Amino acid sequence: MKVTKISAITIFVKSMKDSCMFYSRIPKFEISYGGPDSNFTSFKINQSPDMYLNIQSLSLKQKTENACRIIFHTEDVDALYYYLRNDDTASKLGKFETKPTDADWGERYFQMRDPDGYEIVFATPIT
């Protein structure tokens with residue numbers, strides 16, 4: 001159940017069009033999902049291991065502080081979830097937002113917040 005890598009970092013942006021234009025100019029940043037007319041875009045920035053920068057439109061409801069999400073890959077997302085849920089320190093300091101769930105994009109994941117309110121996602125690719 002160990003964490004094996006940072007899979008993606010998600011930042012929240014005010015203008016998807018401007019952000020897509022900016023990040024598309026960085027060499028080797030290739031759009032793999034979404035685009036300027038989407039609310040969510042992924043840029044693949046490395047292969048083997050795959051790594052992504054995700055940009056997501058900032059909604060009016062969201063605060064601009066803590067506008068970041070870090071996605072960690074783990075060997076077994078369900079085992080890690082139950083481990084953290086049963087750990088007194090982690091369950092007291094963190095806030096679980098979801099249970100392990102299969103996502104359309106091919107990962108099983110759960111989301112929580114760290115003590116400062118940052119979104120932390122743990123995921124395992126579905127094979």
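Analyst: Let's start with a charged contact: Arg108 and Asp78 make a salt bridge, with their closest N and O atoms 2.8 Å apart. That pair ties together distant parts of the chain, since Arg108 is in strand S8 and Asp78 is in helix H2 (residues 77–86), 30 residues apart. By salt bridge I mean a side-chain nitrogen of Lys or Arg within 4 Å of a carboxyl oxygen of Asp or Glu. Helices (H or I, at least four residues) and strands (E, at least two) are DSSP runs, numbered from the N terminus.

A quick word on the source: this is a predicted model, where local features need pLDDT of at least 70 and side-chain atom pairs count only at pLDDT 80 or more, while totals for chains, interfaces and linings use all residues. Residues are numbered from 1 along each chain as its sequence is written, and side-chain values use heavy atoms, with hydrogens and water left out.

Back to Arg108, which also forms a salt bridge with Asp102, the closest N and O atoms being 2.9 Å apart. The structure holds six salt bridges.

How covered is this spot? Arg108 counts as partly exposed because its relative accessibility is 24%, and Asp78 is partly exposed too, with a relative accessible area of 23%. Here buried means under 20% relative accessible area, exposed over 50%, and partly exposed in between (1.4 Å probe, protein chains only). Strand S8 itself (residues 107–113) is mostly covered, with five of its seven residues buried.

Now for the neighbours of S8, where two strands pair if DSSP finds at least two bridges between them. Strand S6 (residues 95–96) runs antiparallel to S8 and is joined to it by two bridges; Lys95 has Arg113 as its bridge partner in S8. Strand S7 (residues 101–102) is also antiparallel to S8, again with two bridges, and there Thr101 is partnered with Tyr109. S7 and S8 make a hairpin with four residues between the strands, in which Gly106 takes a positive phi near 95°.

On to strand S9 (residues 119–125), which pairs with S8 in the antiparallel sense over seven bridges. Glu107 stands opposite Pro125 in S9. These two strands form a hairpin as well, with five residues between them, and Gly117 in the turn has a positive phi of about 95°.
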